[in-house]
Structure formats: C-alpha cells, structure tokens
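Subject: Structure for you to look at

Hi,

Here is the structure I promised to pass on. Have a look at it first, and then read my notes below.

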Amino acid sequence: VHEVTNEEATAQKIRGLKEELMKTKVNDHVYVFFSGHGVLNKDLDYFLATHDLNFSNPAQNGLLYDDLEGVIDGIPARQKLLMVDACH
C-alpha cells in the first residue's frame, strides 16, 4: 500500500508512484484512488489539486488528469482500477 497525503501529495510524488507500480506482476490487482479538488484552467484542461497547487494557475504544481492515468498505464498488472473523487 502506498498512501500519499497532505504535504506529500505533490504532482511529482504522485507521478513517481509509477516506478513502484512497474514492480507489479501480470496477475496483480492495482487500485488507485484520488480524492480532492478538480480544477480547470483557462483552456479547460483538467487538473487534480495537489497540496501545493496554485488555484489561479493550475498548471503550476497541479496534476494533469492524463498524468494520473499515466501512473497505471503500461504497468505489468492487467487488473487496474482508477477511482477519482473530485469536482468537475
């Protein structure tokens, strides 16, 4: 179990979980759950709020939704579930 909360919840730390998930095996089950705020920038790109997010400029330290998907994309485990509890 890898839990990222409070000050640890940065985009870099969350993207870094991919390294650990690359150690999974084909028959492993991987569950990723994100709970927090969702924010749109002026171009309507969707960001998940990290601990150090700049709400006026979500691209600054925010986590792009695609980056969260990328954490489980391409890992050996075939059984993957991504759950997001966020607005927008």
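Let me start with helix α2, residues 65-72, where the buried residues are L68, V71 and I72. They span an arc of only 95° around the axis, which puts them on the same side of α2. A few terms before I go on: buried means under 20% relative accessible area, exposed means over 50%, and partly exposed is in between (1.4 Å probe, protein chains only). Helices (H or I, at least four residues) and strands (E, at least two) are DSSP runs, numbered from the N terminus. The arc is taken over the directions from the helix axis to the C-beta atoms.

Two notes on provenance. This is a predicted model, so local features need pLDDT of at least 70 and side-chain atom pairs count only at pLDDT 80 or more, while totals for chains, interfaces and linings use all residues. Residues are numbered from 1 along each chain as its sequence is written, and side-chain values use heavy atoms, with hydrogens and water left out.

Back to α2. The cover over its buried residues includes α1 (11-21), β1 (29-35), β3 (46-48), β4 (63-64) and β5 (79-85), where contact means heavy atoms within 4.5 Å. After α2 comes G74, with a positive phi near 85°.

Now the charged pairs. How many salt bridges does a search of the whole structure find? It turns up three, a salt bridge being a side-chain nitrogen of Lys or Arg within 4 Å of a carboxyl oxygen of Asp or Glu.

- R15 pairs with D67, with the closest N and O atoms 3.5 Å apart. This pair links distant parts of the chain, since R15 is in helix α1 and D67 in helix α2, 52 residues apart. R15 is partly exposed at 37% relative accessibility, and D67 is partly exposed at 26%.
- E20 and K23 meet at 3.2 Å, N to O. E20 is partly exposed, with a relative accessible area of 30%, whereas K23 is exposed at 53%.
- D43 and K42 meet at 3.9 Å, N to O. Both D43 and K42 are exposed.

On the aromatic side, the structure holds one pair. The ring centres of Y46 and Y65 are 6.2 Å apart and the planes are at 50°, so the pair is tilted. For the cut-offs, rings of Phe, Tyr and Trp (its six-membered ring) pair if their centres lie within 6.5 Å; planes under 30 degrees apart count as stacked, over 60 as edge-to-face and the rest as tilted. This pair also links distant parts of the chain: Y46 is in strand β3 and Y65 in helix α2, 19 residues apart. Y46 counts as buried at 18% relative accessibility, while Y65 is partly exposed at 27%.

F47 is in strand β3 too, and is buried, with a relative accessible area of 6%. Leaving out residues up to four places away in sequence, F47 touches H37, G38, V39, N41, P58, A59, G62, L63 and L64. The C-alpha atoms of F47 and H37 are 8.6 Å apart, and the two residues are ten apart along the chain.

What about the surface? Y31, F33, L81 and M83 make a nonpolar patch of about 420 Å², and the elements giving two or more residues to the nonpolar patch are β1 and β5. L81 lies in strand β5 and is partly exposed at 37%. Patches are made of residues with over 30% relative accessible area and no salt bridge, with like charges joined within 9 Å and nonpolar side chains (Val, Leu, Ile, Met, Phe, Trp, Tyr) within 5 Å. The areas come from the Shrake-Rupley method with a 1.4 Å probe, and for residues only the protein chains shown count as cover.

Last, some backbone angles. Most residues other than glycine have a negative phi. N6, in the segment before α1, has a positive phi near 50° and is exposed at 55%. N61, in the loop between β3 and β4, has a positive phi of about 75° and is partly exposed at 35%.

Cheers
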